[in-house]
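Welcome! Please have a look at the sequence and the 3D structure before reading on.

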Amino acid sequence: MTRQTALTTITALLIVLFSYTAISKLVAFRVFNSQLALQPFPAWTIWPLTLLIPISEMAVTALLLVKSTRLSGLYASAILMVGFTAYMGLVVADFFGKTPCSCGGVLQQMGFQAHLIFNLFFLTISLIGIYIIHQMKGGLLSKL
(Lines give C-alpha, C1' and ligand atoms only; values in the text may rest on other atoms or scores of the structure.)
Protein backbone atom coordinates (compact mmCIF):
# COMPACT_ATOMS: atom_id res chain seq x y z
CA MET A 1 0.00 0.00 0.00
CA THR A 2 1.43 3.39 -0.91
CA ARG A 3 1.75 6.13 1.65
CA GLN A 4 -0.89 8.21 -0.12
CA THR A 5 -3.35 5.30 -0.19
CA ALA A 6 -2.71 4.61 3.50
CA LEU A 7 -3.19 8.29 4.34
CA THR A 8 -6.41 8.46 2.32
CA THR A 9 -7.73 5.35 4.08
CA ILE A 10 -6.79 6.66 7.53
CA THR A 11 -8.34 10.04 6.81
CA ALA A 12 -11.55 8.46 5.51
CA LEU A 13 -11.87 6.22 8.57
CA LEU A 14 -11.38 9.17 10.92
CA ILE A 15 -13.85 11.33 8.99
CA VAL A 16 -16.46 8.56 9.23
CA LEU A 17 -15.78 8.08 12.94
CA PHE A 18 -15.92 11.72 13.97
CA SER A 19 -18.77 12.78 11.70
CA TYR A 20 -20.85 9.76 12.77
CA THR A 21 -20.27 10.28 16.48
CA ALA A 22 -20.90 14.04 16.29
CA ILE A 23 -24.11 13.62 14.32
CA SER A 24 -25.42 10.84 16.56
CA LYS A 25 -24.78 12.99 19.65
CA LEU A 26 -26.49 16.00 18.10
CA VAL A 27 -29.48 13.98 16.89
CA ALA A 28 -29.97 12.58 20.40
CA PHE A 29 -28.74 15.73 22.13
CA ARG A 30 -30.93 15.42 25.24
CA VAL A 31 -30.00 11.77 25.67
CA PHE A 32 -26.31 12.61 25.28
CA ASN A 33 -26.64 15.39 27.87
CA SER A 34 -28.45 13.05 30.28
CA GLN A 35 -25.79 10.36 29.84
CA LEU A 36 -23.01 12.86 30.48
CA ALA A 37 -24.80 13.93 33.66
CA LEU A 38 -24.39 10.34 34.90
CA GLN A 39 -20.64 10.43 34.33
CA PRO A 40 -18.23 11.03 37.22
CA PHE A 41 -17.62 14.64 36.18
CA PRO A 42 -18.32 17.76 38.22
CA ALA A 43 -21.85 19.01 37.52
CA TRP A 44 -20.59 22.34 36.16
CA THR A 45 -18.73 20.53 33.32
CA ILE A 46 -21.72 18.66 31.90
CA TRP A 47 -23.25 21.42 29.77
CA PRO A 48 -19.90 22.60 28.31
CA LEU A 49 -18.94 18.98 27.53
CA THR A 50 -22.34 18.36 25.92
CA LEU A 51 -21.57 21.18 23.51
CA LEU A 52 -17.79 20.89 23.15
CA ILE A 53 -17.52 17.17 22.40
CA PRO A 54 -19.69 17.11 19.24
CA ILE A 55 -18.39 20.53 18.16
CA SER A 56 -14.82 19.23 18.52
CA GLU A 57 -15.68 16.11 16.54
CA MET A 58 -17.21 18.24 13.77
CA ALA A 59 -14.18 20.56 13.77
CA VAL A 60 -11.83 17.57 13.45
CA THR A 61 -13.93 16.27 10.56
CA ALA A 62 -13.71 19.64 8.82
CA LEU A 63 -9.93 19.79 9.30
CA LEU A 64 -9.53 16.28 7.89
CA LEU A 65 -11.65 17.06 4.83
CA VAL A 66 -9.34 19.84 3.62
CA LYS A 67 -5.93 18.76 2.37
CA SER A 68 -4.16 21.89 3.63
CA THR A 69 -5.47 21.31 7.20
CA ARG A 70 -5.27 17.52 7.22
CA LEU A 71 -2.16 17.38 9.42
CA SER A 72 -3.85 19.64 11.98
CA GLY A 73 -6.89 17.36 11.77
CA LEU A 74 -4.75 14.31 12.43
CA TYR A 75 -3.14 15.97 15.44
CA ALA A 76 -6.59 17.00 16.72
CA SER A 77 -7.82 13.44 16.12
CA ALA A 78 -4.93 12.07 18.13
CA ILE A 79 -5.59 14.52 20.97
CA LEU A 80 -9.28 13.63 21.12
CA MET A 81 -8.51 9.93 20.94
CA VAL A 82 -5.91 10.23 23.74
CA GLY A 83 -8.60 11.79 25.93
CA PHE A 84 -11.31 9.29 24.98
CA THR A 85 -8.89 6.35 25.31
CA ALA A 86 -7.55 7.48 28.69
CA TYR A 87 -11.09 7.87 29.99
CA MET A 88 -12.08 4.44 28.65
CA GLY A 89 -8.95 2.94 30.21
CA LEU A 90 -10.02 4.34 33.59
CA VAL A 91 -13.52 2.93 33.08
CA VAL A 92 -12.12 -0.52 32.21
CA ALA A 93 -9.88 -0.34 35.29
CA ASP A 94 -13.06 0.34 37.33
CA PHE A 95 -11.59 3.63 38.55
CA PHE A 96 -15.03 5.27 38.64
CA GLY A 97 -17.19 2.31 39.60
CA LYS A 98 -20.33 1.94 37.48
CA THR A 99 -20.13 4.27 34.48
CA PRO A 100 -22.71 4.46 31.67
CA CYS A 101 -21.55 4.89 28.09
CA SER A 102 -22.28 8.31 26.64
CA CYS A 103 -20.94 7.51 23.19
CA GLY A 104 -23.11 8.10 20.18
CA GLY A 105 -25.00 5.62 18.03
CA VAL A 106 -23.92 2.00 17.72
CA LEU A 107 -20.78 2.64 19.75
CA GLN A 108 -22.99 2.47 22.85
CA GLN A 109 -23.52 -1.22 22.14
CA MET A 110 -19.83 -2.04 22.62
CA GLY A 111 -18.54 -3.30 25.92
CA PHE A 112 -15.98 -1.09 27.62
CA GLN A 113 -13.04 -3.37 26.79
CA ALA A 114 -14.05 -3.51 23.12
CA HIS A 115 -14.44 0.25 23.17
CA LEU A 116 -10.95 0.64 24.62
CA ILE A 117 -9.51 -1.48 21.78
CA PHE A 118 -11.61 0.49 19.26
CA ASN A 119 -10.21 3.77 20.66
CA LEU A 120 -6.65 2.45 20.65
CA PHE A 121 -7.06 1.49 16.99
CA PHE A 122 -8.21 5.01 16.02
CA LEU A 123 -5.51 6.62 18.15
CA THR A 124 -2.92 4.44 16.42
CA ILE A 125 -4.11 5.27 12.91
CA SER A 126 -4.16 8.98 13.78
CA LEU A 127 -0.52 8.73 14.82
CA ILE A 128 0.34 6.71 11.71
CA GLY A 129 -1.33 9.39 9.57
CA ILE A 130 0.76 12.09 11.25
CA TYR A 131 3.90 10.06 10.63
CA ILE A 132 3.00 9.49 6.96
CA ILE A 133 2.45 13.19 6.30
CA HIS A 134 5.75 14.05 7.93
CA GLN A 135 7.43 11.32 5.84
CA MET A 136 5.89 12.73 2.67
CA LYS A 137 6.95 16.27 3.57
CA GLY A 138 10.41 15.28 4.76
CA GLY A 139 9.74 16.85 8.16
CA LEU A 140 11.21 16.12 11.57
CA LEU A 141 9.27 12.88 12.03
CA SER A 142 10.56 11.57 8.70
CA LYS A 143 13.95 11.06 10.36
CA LEU A 144 12.53 8.38 12.71
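The notes below cover model confidence, a helix pair and a loop residue.

## Confidence

Keep in mind that this is a predicted model. The protein has a mean pLDDT of 89, with 90% of its residues at 70 or more. Among the elements, helix H3 has the highest mean pLDDT, at 96, while helix H2 (residues 29–37) has the lowest, at 89.

## How H3 and H4 pack

Helix H3 spans residues 43–65 and helix H4 spans residues 70–92. Their axes come within 7 Å and cross at roughly 150°. Angles over 145 degrees count as roughly antiparallel, so H3 is roughly antiparallel to H4. The crossing in which H3 passes H4 is left-handed.

Which residues meet at this contact? From H3 come Ile53, Ser56, Glu57, Val60, Leu63, Leu64 and Leu65. On the H4 side, they meet Arg70, Ser72, Gly73, Leu74, Ala76, Ser77, Leu80 and Phe84. Sorted by class, the contact of H3 with H4 has 9 nonpolar, 4 polar and 2 charged residues.

## A loop residue with positive phi

Beyond the helix pair, Asp94 is worth a look: this residue sits in the loop between H4 and helix H5 (112–137). Most residues other than glycine have a negative phi. Asp94, however, has a positive phi, near 60°.

Is Asp94 buried or exposed? The relative accessible area of Asp94 is 52%. The cut-off for exposed is over 50%, so Asp94 counts as exposed.

How values were computed: Residues are numbered from 1 along each chain as its sequence is written. This is a predicted model: local features need pLDDT of at least 70, side-chain atom pairs count only at pLDDT 80 or more; totals for chains, interfaces and linings use all residues. Side-chain values use heavy atoms; hydrogens and water are left out. Axes are lines fitted to C-alpha atoms, for helices over the stretch in contact, and angles run from 0 to 180 degrees between N-to-C directions. Helices (H or I, at least four residues) and strands (E, at least two) are DSSP runs, numbered from the N terminus. Angles under 35 degrees count as roughly parallel, over 145 as roughly antiparallel, 65 to 115 as roughly perpendicular and the rest as oblique. A crossing is left-handed if the near helix is turned anticlockwise from the far one by less than a right angle, and right-handed if clockwise. Contact means heavy atoms within 4.5 Å. Ala, Val, Leu, Ile, Met, Phe, Trp, Tyr, Cys and Pro count as nonpolar, Asp, Glu, Lys and Arg as charged, and the others, Gly among them, as polar. pLDDT is the predictor's confidence in each residue, from 0 to 100. Buried means under 20% relative accessible area, exposed over 50%, partly exposed in between (1.4 Å probe, protein chains only).
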